[in-house]
Amino acid sequence: MSGTARLSDLALQIGSARWAMVRTHFGIQAFGVNAWVADEAGGQLIGEHDELGQAAGHHEELYFVSEGHATFTVDGDEIDAPAGTFVFVRDPAAKRSAVARQDATAVVVVGGKPGEAFTPSPWERNAPALADFGAGDYDKAAEAFEQLLAETPDDAGVLYNLACAESLSGKRAEALGHLKRSLELDPDFRATAEKDSDFDAIRDEPEFVSAVAGQPDASGSSA
Amino acid sequence: MSEKAYEVAHIDDLDRFPVDDEGLLWRPVRRRLGITTFGTNAYTAERGDERVVEEHYERDGAEELYFVAGGRATFTLGDEEIDAPAGTFIYAEPGTKRAAIASEPKTTIVAFGARPGVPHEISGWEEIFVAFGHLRNGNEEEGRRAIARAVAERPDAWQGHFNAACFESLTGNRAATFDHLRRAIELDPKAAEFAQKDSDFDWLRDDPEFPA
């Protein structure tokens, strides 16, 4: 349905950045669109990714810095991106990421898969659960992630997010089990987990240390 | 267009094509960066009281998302009037009336659009906007090249020939105007109705050979 919304009103806290789920908010079907806000300089705006992974949409992506100042890294090249900069990443294989250089930096991201009608990226299935997560209702978020996991038991992203919600709601054993399985399925998440403050409650557990290091767990437990 | 993995452009470095005589500037983004999956353009109102989105409906089924990137605008969305400061998204479903007037100088809107359920097709009007933009900027030669590309890309679309007729009329070419106008009417008789009302043809309207 036609409508309006302020970027600042849509943005929900997800890790160090705030995520505005613009496409799902309006129900847009023709292209993907989200926005990310980093409240503080140095905050990660766009986590390093390419568009080839299991959860990715194989999209070409247009990033527009609408406020503040960011530094993008695409294919190893560093790009200075003050407000008003468009960065268009054509190649789905190119690794891209962005960090805020100023407080209150915002980036609008629009994407689609060349030559095909738009379909939402698999990772967007997380959106309703992430909304609960962003609102601080970690139990409800964990329930929603569990439902997604029942549909796709080997989705490393869902497992990772479930582990975050469980860690934050004090379910340490469940969090460790799901995180371990996520990192086995997608070792790229190891570096993210190492720095992710959602895991502060379980960071000192031997199972966390071995999972992040990619070492076999001596206890032999699994999720 | 090179096949580099990425392209970068700052909004201030985009082309500036006047869309009308009131100060509205079209700043092509999709075209500049080589985006293929959705339309993207920026519009800037320099003075701050002029139209920054023309009233239209997107009856061909395109969804449109507008983002106020700078300044402030008053949007019309259906029957509603919306104050939209920088940082506002406005989503318009196909068929909904949408328009916007700037309420601050240097108001810039970025528009994204595509049709759901089908691969994106680049809009034919882009090249036509380029042609008339060059003409308004005093570069008839570049404008002529763009209008020729628009006609060549869609030789059987009446709109290309109609706009080519407007271009030829505005640049004083009677015979070429009539050729394109005849072809446009042949392709779709409603081109004649548009021609009767279009002031671009005023100096030729009383010509006995005027086709409309």
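Author: Residues are numbered from 1 along each chain as its sequence is written, and chains are lettered from A, ligands numbered from 1, in the order in which they are written. Since the model is predicted, local features need pLDDT of at least 70 and side-chain atom pairs count only at pLDDT 80 or more, while totals for chains, interfaces and linings use all residues.

Reader: What makes up the secondary structure of chain A, and how do you know what counts as a helix or a strand?

Author: Chain A has eight helices and eleven strands. Helices are DSSP runs of H or I with at least four residues, strands are runs of E with at least two, and both are numbered from the N terminus. For chain B the tally is six helices and eleven strands.

Reader: How do you know how the radius of gyration of chain A stands against that of a compact globule?

Author: The radius is taken over C-alpha atoms, and the globule rule is 2.2 Å times the number of residues to the power 0.38. For 223 residues a compact globule would come near 17 Å, and chain A has 17 Å, so the two agree. Its C-alpha atoms fill a box of roughly 50 × 40 × 35 Å along the principal axes.

Reader: And why is chain B called as compact as a globular protein of its length?

Author: Recall that chain B comes to six helices and eleven strands. Its radius of gyration is 18 Å, close to the 17 Å that the rule gives for 212 residues, so chain B is as compact as a globular protein of that length. The C-alpha trace of chain B spans about 55 × 45 × 35 Å along its principal axes.

Reader: What about Glu58(B), and which class does it get?

Author: Glu58(B) has 17 C-beta neighbours inside 10 Å and therefore counts as partly exposed. Its place is the loop between β5 (51-56) and β6 of chain B, and its phi is also positive, near 55°.

Reader: What is Pro105(B) in contact with, beyond its sequence neighbours?

Author: Contact means that C-beta atoms, placed from the backbone, lie within 7 Å. Leaving aside neighbours within four places in sequence, Pro105(B) touches Glu46(B), Arg47(B), Gly48(B) and Gly71(B). With 15 C-beta neighbours inside 10 Å, Pro105(B) counts as partly exposed. It is found in the loop between β10 (98-102) and β11 of chain B.

Reader: Why are α4(A) and α5(A) called roughly antiparallel?

Author: Axes are lines fitted to C-alpha atoms, for helices over the stretch in contact, and angles run from 0 to 180 degrees between N-to-C directions. Angles under 35 degrees count as roughly parallel, over 145 as roughly antiparallel, 65 to 115 as roughly perpendicular and the rest as oblique. Helix α4 (residues 138-151) and helix α5 (residues 156-168) of chain A cross at roughly 155°, with axes that come within 9 Å. The two are therefore roughly antiparallel. The residues of their contact divide into eleven nonpolar, one polar and two charged; Ala, Val, Leu, Ile, Met, Phe, Trp, Tyr, Cys and Pro count as nonpolar, Asp, Glu, Lys and Arg as charged, and the others, Gly among them, as polar.

Reader: How do α2(B) and α3(B) pack, and at what angle?

Author: Helix α2 (residues 125-136) and helix α3 (residues 140-153) of chain B pack at about 165°, with their axes 7 Å apart. That makes α2(B) roughly antiparallel to α3(B). Their contact divides into eight nonpolar, two polar and five charged residues.

Reader: Lastly, how many residues does each chain bring to the contact between chains A and B?

Author: Chain B brings 41 residues and chain A brings 40. The side of chain B that touches chain A has 25 nonpolar, eleven polar and five charged residues.

Methods: Two residues are in contact if their C-beta atoms, placed from the backbone, lie within 7 Å. A residue is buried if 20 or more other C-beta atoms lie within 10 Å of its own, exposed if 12 or fewer, and partly exposed in between; C-beta atoms are placed from the backbone.
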